[in-house]
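Here is a set of questions and answers on how terms are applied to a structure. Each answer sets a value against a cut-off and then concludes.

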Amino acid sequence: MKKIGLVGGISWVSTMDYYKFINEGINSKLGGLNFAECIIYSLNFGDIQEKSWENSFELLLNACESLKRSKVDAIVLCANTAHLFADKLQEKIGLPIIHIGSETAKAINKQEFTKVGLLGTKFTMEMGFYKNKLEEYGLKVLIPEKQETRDYIQYTVKEELGIGFINPETKKKYIEIVNELIQDGAECIILGCTEIPMLISQSDFEIPTFDTTKIHSQAIVDYMLSTHK
């Protein structure tokens, strides 16, 4: 089994999901008392918020370098927004980074959807790093049209979901936002923030949803049990 390094704490509540899903995935494949060999470097999310995501490369690099010194075989960034620096980090540390955007796009391609609705932080929705990765796989990406809607998602991800608070009114609003994306032509929805699946899930919608945390975790399990480098 390969050893994986997880850059977590962004947020700690979704990092728990990663740890759970990865260990369950390894055990389902190997059985017995077999579980994942992994190391978690849990960042202080407050430090990232203080610097802002755009200025957090050094924090993420320090975490990755620490994990590399622990002899991990690959790195996982346990947040969609952290993939803002995925390519640069991979080049800098010389270890593979299992990319959440690529793995999500592969999962969507398998079901032959082409027009996807994307929910995530403002950075994930508005900046090119995530949408461009999806577009590399032939996907057309739709995001909420109104700035106030994207600001609302950002606020609730940070102030509610990031601390594990589930607000029924927020869930109702998210469902409305998704339904607007469906009206705009989205064939499926990407839950493109690792906290969002705590609030909404497949059971809330008739069209397929893609939980990036679960997709990413499965890809990690597959990598850990693979024979390739």
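Q: What share of the 229 residues in the chain is buried?
A: In this predicted model, buried residues make up 52% of the 229 residues. A residue is put in this group if its relative accessible area is under 20%.

Q: Why is Thr 15 called buried?
A: Its relative accessibility is 7%, and the cut-off for buried is under 20%. Thr 15 therefore counts as buried. The residue is found in helix 1, residues 12–30. Leaving out residues up to four places away in sequence, Thr 15 touches Gly 8, Gly 9, Ile 10, Ile 40 and Cys 78.

Q: Is Ile 207 buried or exposed, and how do you know?
A: The relative accessible area of Ile 207 is 17%. Buried means under 20%, so Ile 207 is buried. Ile 207 is found in the loop between strand 6 and strand 7. Its contacts, apart from neighbours within four places in sequence, are Ile 182, Ala 186, Glu 187, Cys 188, Ile 189 and Gln 202. Gly 5 is 202 residues away along the chain, and the C-alpha atoms of Ile 207 and Gly 5 are separated by 34 Å.

Q: How do you know that the radius of gyration agrees with that of a compact globule?
A: For 229 residues, a compact globule would have a radius of gyration near 17 Å. The chain has 17 Å, so the value agrees. Along its principal axes the C-alpha trace spans about 45 × 40 × 35 Å.

Q: What makes Lys 106 and Glu 103 a salt bridge?
A: The N to O distance between their side chains is 3.4 Å. The limit is 4 Å between a side-chain nitrogen of Lys or Arg and a carboxyl oxygen of Asp or Glu, so the pair is a salt bridge. Lys 106 and Glu 103 are three residues apart in helix 5 (residues 100–110), and therefore about one helical turn separates them.

Q: Why is Lys 106 called partly exposed?
A: Lys 106 has a relative accessible area of 36%. Buried means under 20% and exposed means over 50%, with partly exposed in between. Lys 106 is therefore partly exposed.

Q: What makes Lys 122 and Asp 151 a salt bridge?
A: The N to O distance is 3.2 Å, and the limit is 4 Å. Lys 122 lies in helix 6 (residues 122–126) and Asp 151 in helix 8 (residues 147–159), so the pair ties together parts that are 29 residues apart in sequence. Lys 122 has a relative accessible area of 25% and is partly exposed. Asp 151, at 32%, also counts as partly exposed.

Q: Why does Arg 150 count as buried, and what does Glu 126 count as?
A: Arg 150 has 12% relative accessibility, so it counts as buried. Glu 126 has 32% and therefore counts as partly exposed. These two residues form a salt bridge, with their closest N and O atoms 2.8 Å apart. The pair links distant parts of the chain, Arg 150 in helix 8 and Glu 126 in helix 6, 24 residues apart. The structure holds six salt bridges.

Q: How do you know that strand 1 and strand 3 pair?
A: Strands pair if there are at least two bridges between them. Four bridges join strand 1 (residues 4–8) to strand 3, and the two run parallel. One of the partners is given by Leu 6, which is bridged to Val 76 in strand 3.

Q: What makes both faces of strand 3 covered?
A: Ala 74 and Val 76 on one side are buried, and Ile 75 and Leu 77 on the other are buried too.

Key
Residues numbered from 1 in each chain as written. Predicted model: local features only at pLDDT ≥ 70, side-chain atom pairs only at ≥ 80, totals over all residues. Heavy atoms only, no water. Buried < 20%, exposed > 50% of the residue type's maximum accessible area, 1.4 Å probe, protein only. Rg over C-alpha atoms; globule rule 2.2 N^0.38 Å. Contact = heavy atoms within 4.5 Å.
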